[in-house]
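Dear colleague,

Please find below the sequence and the structure that I am handing over to you. My notes on what was found follow directly after them.

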Amino acid sequence: MKGHAAADLARLGRLVVPGRQRIGLLWTIGIGTVAAFIGTGIAGGLGVADTKGVDWVEWHIQIALAAFGVAALSKVKVRH
């Protein structure tokens with residue numbers, strides 16, 4: 001996955017999480033990259049990573065992981 005795609009993935013994850021997230025762009029890109037790799041692994045384990053069309057299930061898994069990562073990091077950063 002390319003860097004700009006990971007950033008887009010994390011931005012979509014941020015849209016899913018309600019409210020304002022107080023994390024920076026680099027954290028967003030990092031979360032998106034990690035979510036992309038883990039999501040691809042999960043999709044591969046489920047057998048939905050490589051389909052003939054758009055891999056919607058894989059994409060939804062990645063976005064959900066990115067949203068979880070954004071929400072978790074935002075909570076940690078607010079506490080400090």
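**Buried and exposed residues in the helices**

Thr-28 is found in helix 2, which covers residues 25-46. Helices here are DSSP runs of H or I with at least four residues, strands are runs of E with at least two, and both are numbered from the N terminus. Please note that this is a predicted model, in which local features need pLDDT of at least 70 and side-chain atom pairs count only at pLDDT 80 or more, while totals for chains, interfaces and linings use all residues. Residues are numbered from 1 along each chain as its sequence is written, and side-chain values use heavy atoms, with hydrogens and water left out.

Thr-28 has a relative accessible area of 2% and is therefore buried. The term buried means under 20% relative accessible area, exposed means over 50%, and partly exposed lies in between (1.4 Å probe, protein chains only). Apart from its neighbours within four places in sequence, Thr-28 is in contact with Ala-10, Arg-11, Arg-14 and Ile-23. Contact means heavy atoms within 4.5 Å.

Helix 2 also holds Ala-43. Is Ala-43 buried or exposed? Ala-43 counts as buried, because its relative accessibility is 0%. If residues up to four places away in sequence are not counted, Ala-43 touches Val-48, Ala-49, Glu-58 and Ile-61. Ala-43 and Gln-62 are 19 residues apart in sequence, and their C-alpha atoms are 9.0 Å apart in space.

Leu-25 has its place in helix 2 as well. With a relative accessible area of 56%, Leu-25 is exposed. From C-alpha to C-alpha, Leu-25 and Leu-12 are 13 Å apart in space, and they are 13 residues apart in sequence.

Leu-15 belongs to helix 1, residues 3-16. Its relative accessible area is 70%, so Leu-15 is exposed.

Ser-74 lies in helix 3. Ser-74 is buried, because its relative accessible area is 9%. Not counting residues up to four places away in sequence, Ser-74 touches Arg-20, Gln-21, Arg-22 and Ile-23.

**The nonpolar cores**

Which residues make up the largest nonpolar core? The six residues are Val-17, Ile-23, Ile-31, Ala-67, Val-70 and Leu-73. Helix 3 (residues 56-79) gives the largest share of this core, three residues. A nonpolar core is a set of buried Ala, Val, Leu, Ile, Met, Phe, Trp, Tyr and Cys residues joined through side-chain atoms within 4.5 Å. A second, separate core has five residues, among them Leu-9, Ala-35, Ala-36 and Ile-63. Ala-67, a member of the largest core, is in contact with Gly-13, Val-16 and Val-17 when its neighbours within four places in sequence are left aside.

**The chain as a whole**

The chain has three helices and zero strands, and its elements run α-α-α from the N terminus on. The radius of gyration is 13 Å, close to the 12 Å that the globule rule gives for 80 residues, so the chain is as compact as a globular protein of that length. This radius is taken over C-alpha atoms, and the globule rule is 2.2 Å times the number of residues to the power 0.38. The C-alpha trace spans about 45 × 20 × 15 Å along its principal axes.

Of the 80 residues, 34% count as buried. Among the contacts in the chain with a separation of 6 or more, 61% come from residues 24 or more positions apart.

With kind regards
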